[in-house]
Amino acid sequence: MKGLLLVTGKEIREGMRNRWVVAATLLLATLALTLAFLGAAPAGRVGAGALEVVVVSLSSLSIFLLPLIALLISHDAIVGEMERGTMLLLLSYPLTRWQVVVGKFLGHVVILGVATLVGYGAAAVALAVAGEAIAADSWRAFALMIGSTVLLGAAFVALGTFVSAMVEARGTAAGIAVGLWLLSVLIWDMALLGMLVADQGQTIGAAMLDALLLLNPADAYRLFNLAGLPNVGQLSGMGGIVEGSGLSAPVLLGALSAWVLVPLAGAVAVFARREL
């Protein structure tokens, strides 16, 4: 446990020195505050509270931004250390390889978690200070959104760490990371929509659609947040899918957790067999 905490602390300190924490927090806070005050204007007209509108807006923003940030900070976690020649130095300490991988993962998740909590939390605080009426259910939805956003970031940190453990060069890891981001946030949904239009309900039923959505952590995240909000049909184009989906919140949360654990376990297994 001491070795695990040592590596985690090292990653957090490096993140602070590289300004990742500050940059990510400022970026998320700026975008969240902009969405909070611009998005709160139509809240009354759509029958939803200001914070509910912000939750839907931030969920959509997170799908594009959090995976990108997560992959940027994690894609060279292993291969970067190996190229710089510092991995051998790190392993000269009384550390096992799984502690190195998991410690790096935890450090990156802490960085993302702090940035998300402070950045998005600023939007909720600003709305409260501005005198917006916020119901208890809205606060609950906001808290769930924060937690699931950190979980989404953790899933892509795990994917980035897995890629970093597999490849031989940082450039290759960066290219695969960009490809994963494009696939998850753009290509997957476009391909799924094309399949649904072409199929016309002949082959792809509700159960298959649910399974296809779970195969993308970004879709699982989106459904988890929208399913917990009232009036989502008026606030998001995903409303029809949420209402017709048989996926419960625990199932979606379990899918996101699996997207964290499976790639992380893969990274540990790959790095354990890798020659330095």
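Biologist: How far apart are the end C-alpha atoms of residues 108-130, and what percentage of the span is helix or strand?

Modeller: The end C-alpha atoms of residues 108-130 lie 33 Å apart, and the span is 96% helix and 0% strand. Helices (H or I, at least four residues) and strands (E, at least two) are DSSP runs, numbered from the N terminus. For residues 142-167 the corresponding distance is 38 Å, again with 96% helix and 0% strand. The model is predicted: local features need pLDDT of at least 70 and side-chain atom pairs pLDDT 80 or more, whereas totals for chains, interfaces and linings use all residues. Residues are numbered from 1 along each chain as its sequence is written, and side-chain values use heavy atoms, without hydrogens and water.

Biologist: Which residues does the UniProt annotation "transmembrane region" cover?

Modeller: The unreviewed entry lists residues 20-41, 53-73, 108-130, 142-167, 173-197 and 251-272. UniProt positions follow the numbering used here, with shortened feature names, and annotations may be inferred rather than shown by experiment. In the model, the protein has 13 helices and zero strands.

Biologist: Which residues touch the most other members of the largest nonpolar core?

Modeller: A nonpolar core is a set of buried Ala, Val, Leu, Ile, Met, Phe, Trp, Tyr and Cys residues joined through side-chain atoms within 4.5 Å; buried means under 20% relative accessible area, exposed over 50%, and partly exposed in between (1.4 Å probe, protein chains only). Here the core holds 66 residues, and Leu58, Phe105, Tyr120, Phe142 and Met145 touch the most other members. Helix α3 (residues 50-74) supplies the largest share, 13 residues. Beyond its neighbours within four places in sequence, Leu58 is in contact (heavy atoms within 4.5 Å) with Ala32, Leu35, Tyr120, Phe142, Met145 and Tyr221.

Biologist: Is serine 59 buried or exposed?

Modeller: Serine 59, in helix α3, counts as buried because its relative accessibility is 2%.

Biologist: Which residues make the nonpolar surface patch?

Modeller: Patches are made of residues with over 30% relative accessible area and no salt bridge: like charges are joined within 9 Å, nonpolar side chains (Val, Leu, Ile, Met, Phe, Trp, Tyr) within 5 Å. A salt bridge is a side-chain nitrogen of Lys or Arg within 4 Å of a carboxyl oxygen of Asp or Glu. Phe64, Val178, Leu182, Leu183, Leu186, Ile187 and Met190 make a patch of about 600 Å², its area coming from the Shrake-Rupley method with a 1.4 Å probe, where for residues only the protein chains shown count as cover. Helix α8 (residues 170-199) contributes the largest share, six residues. Leucine 182 is in helix α8 and is partly exposed, at 31% relative accessible area.
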